[in-house]
Amino acid sequence: MKYLLSTLLLITTKLTAIEFTYTENDSSGTNIALGYPVPLPIDSLTPIDGFRSYNSLTLRHQQMSAQSSNIQSITLGNTFNNRPIMAYQLSDADNDTVSGGIEGSALINGGIHAREWQSPEAVTGYMETLFDNQNNQHIEQYILENLNLVVIPVLNVDGFLQTQRFPDKVINSSESPRDGRMRRKNMRNTDESLSTSNDNLNGIDLNRNNNPYWATNPDRSSNSSVSIVYHGAGAASEPETQALQQAAIEANESRLRFYTDTHSFSQIYFTPFTSNERRNNVAGRLANIMRAANDYKYQYGPAAAGGGIGATDEYFAETYQIPSYTLELEPLNSARTYGGFGVSHDGFILPASEVNRMRQETSAAAMAGLYAIAEPPILQEIVVTQDANTVMHQAWQKSENGRRLTTLVNNELSPDVEYQLRLIFNKPMRHLAENVPTDFSGLSEALGISLSWLVKTTSGETSTVIDTSAGNWLLSNFNRYKTDSFQVSFTMPNEFNWSNTELLALNVDTTDMTGQTLDTNPATIADWQLGEWQYYENSNGEYNDIGGTDKSMRLIDDGSALYGDVSNPTNPTTPDSSNTNSSGGCMFWLLCVAILRMSMRNKYAETRTC
């Protein structure tokens, strides 16, 4: 109802729009005082404490692309006014993960609403973080080498340029500012002048222009061309929306497993639920991981399946069955948080003095999410040494249909002898602060690992705990990434006898940096398909997207079942052909995507405001 009344008001004032000017302190006449300096677009290639001009942002993106083989530019299409819409692919040259799988892909969109300047700066910050740390042998390098990321810094180029053309001007009213600095929509049927007021309210809200819920919610989407939430003539009618869909193709839609549309403001991760409960649970856990990066400064807002507004997060959630978010950046309520006067809509005008911090905080959250969704953690190798000599070495190695456990060195262990045990994982396992392993917001602990030997003889079965308190996550002499290896000394008990031992297995209980537990059977390569993890086993061998305690490393193997006697386990020890990501598997996935698209129904209503 409020949008209907607003639309009627705007129609009556359309031809008599008043121009207002933002100022720092002067509220006389048609001035609107913010209580802080009016942010202006600045020409700068380097990150500044403020907002960069569109031209500077674009040059910065191109500079990074030219200087790094890990960043490639992509032209997705053109805007309504025929300006190119650029995306950037951030990944290494191959499609393989370090652990032997096929890289998944992720898509992050920015600048869909023109007035939300925080968004292009945040997304550019993600690019700069990966660019600056591409060889840091930790989280950022891991992401580039194990995930295919595509980002769109500014989707609504025409609208964004309009807001920067008039950075301190708006029309309509002080309580309902439109066009100029407060343009939200694209520039369909709109010229670039504020003085021609008959078209200032035109344009399409690109976040109402999407299937499957296009034009289904009259409270949050409108068929009036002057409404701020006008959904357009049809789903994906706009070239910008089509460019976003093209970005999914460029990212390899058969491998897509993550999407975020970056907005402002209200400090929350919105996500639409679907009918797939496993997908919903993963989306919730992943949102929690990104929130944890900033000590839960951001909230979480799931929406029940069965309603929508035509937003992009709904399109990606339903079309691809992936975790999909609308991220609303700060402030929480208004710029009063930073000492401003709290005038209407000033949440869209973040003070320049807050931009650099915002950019760093949101980059940390994005890196945590991308790291988590790239793949689950696995134990890849163990190496036992004594006086620098290798006594035992086992490793999971890529095979035709998954991985096979290979014993590379096999010597006996003796009682009362001090050995060194090194565990090698597929990813960096710990958060670093000033190059020191640290806790990660309650999701993981700096040490956070438990080890024990399971010993079975003719006399029975015993468990011997390895004291990990003196062990270390390695910052040198690691395998590929800092903290991908853990080293600790151990001694087998004096009653241990290699010759009469039937089973000697290492039990490993740990998580990665974000609290994800181990894929307990590395023989099958975990992969995201149709809204859930395939071959990500828990301690009972069940696929439940959580993981558990790894018991796969057997120095002496009696051939017993990996998971023991469970009532109804899955059978992860026999990977099927879909795990190889063959062309047939990809065709099957694409067929499923097509079916999902065909089955979309415009059926639900939702109350959020982004």
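**Close-ups around helix α9**

View 1. The axes of α4 (residues 139-146) and α9 (residues 355-374) cross at roughly 45 degrees and come within 10 Å. Angles are taken between N-to-C directions, from 0 to 180 degrees, with axes fitted to C-alpha atoms, for helices over the stretch in contact. The α4/α9 crossing is left-handed, with the near helix turned anticlockwise from the far one by less than a right angle (clockwise would be right-handed). On the α4 side, Ile139, Glu140, Tyr142, Ile143 and Asn146 do the touching, and they meet Met367, Leu370, Tyr371 and Ala374 of α9; contact is heavy atoms within 4.5 Å. That contact splits into 7 nonpolar, 1 polar and 1 charged residues, with Asp, Glu, Lys and Arg as charged, Ala, Val, Leu, Ile, Met, Phe, Trp, Tyr, Cys and Pro as nonpolar, and the others, Gly among them, as polar.

This is a predicted model, so to speak: local features need pLDDT of at least 70 and side-chain atom pairs pLDDT 80 or more, while totals for chains, interfaces and linings use all residues. Residues are numbered from 1 along each chain as its sequence is written, and side-chain values use heavy atoms, leaving out hydrogens and water.

**View 2. Helix α7 (residues 277-292) also packs on α9, at an angle of about 145 degrees**. Here the axes sit 7 Å apart, and the crossing is right-handed. From α7 come Leu286, Ile289 and Met290; from α9 come Ala365, Ala368, Gly369, Ala372 and Ile373. The tally for this contact is 7 nonpolar, 1 polar and no charged residues. Helices here are DSSP runs of H or I with at least four residues, strands are E runs of at least two, and both are numbered from the N terminus.

**View 3. The second largest pocket holds about 320 Å³ of space**. Its lining counts 16 residues, with His138, Ile139, Glu140, His431 and Leu432 nearest the centre. α4, α9 and β16 (431-433) each put in at least two lining residues, and α9 gives the most, with 3. By class, the pocket lining has 8 nonpolar, 6 polar and 2 charged residues. On a 1 Å grid over the protein atoms alone, a pocket is an open set of points with protein on both sides within 12 Å along at least five of seven lines, a cavity is a set where a 1.4 Å probe fits but cannot get out, and lining residues have an atom within 4 Å of a point.

**View 4. The second largest cavity, at about 100 Å³, draws on α9 too**. Of its 14 lining residues, Tyr126, Tyr269, Leu327, Thr362 and Ala366 lie nearest the centre. β8 (256-264), β11 and α9 each supply at least two; α9 leads with 4. The lining runs to 10 nonpolar, 3 polar and 1 charged residues.

**View 5. The largest cavity has about 130 Å³ of space**. Ser99, Gly101, Glu375, Ile525 and Ala526 lie nearest its centre, in a lining of 18 residues. That lining has 6 nonpolar, 6 polar and 6 charged residues. The whole structure has 4 cavities of 30 Å³ or more.

View 6. Another cis bond links asparagine 211 to proline 212, with omega about 0 degrees. Aspartate 387, in the loop between β12 (379-386) and β13 (389-399), has a positive phi near 55 degrees.

Conventions
Grid points are joined across faces, edges and corners, and a volume is the space filled by probe spheres set on the points.
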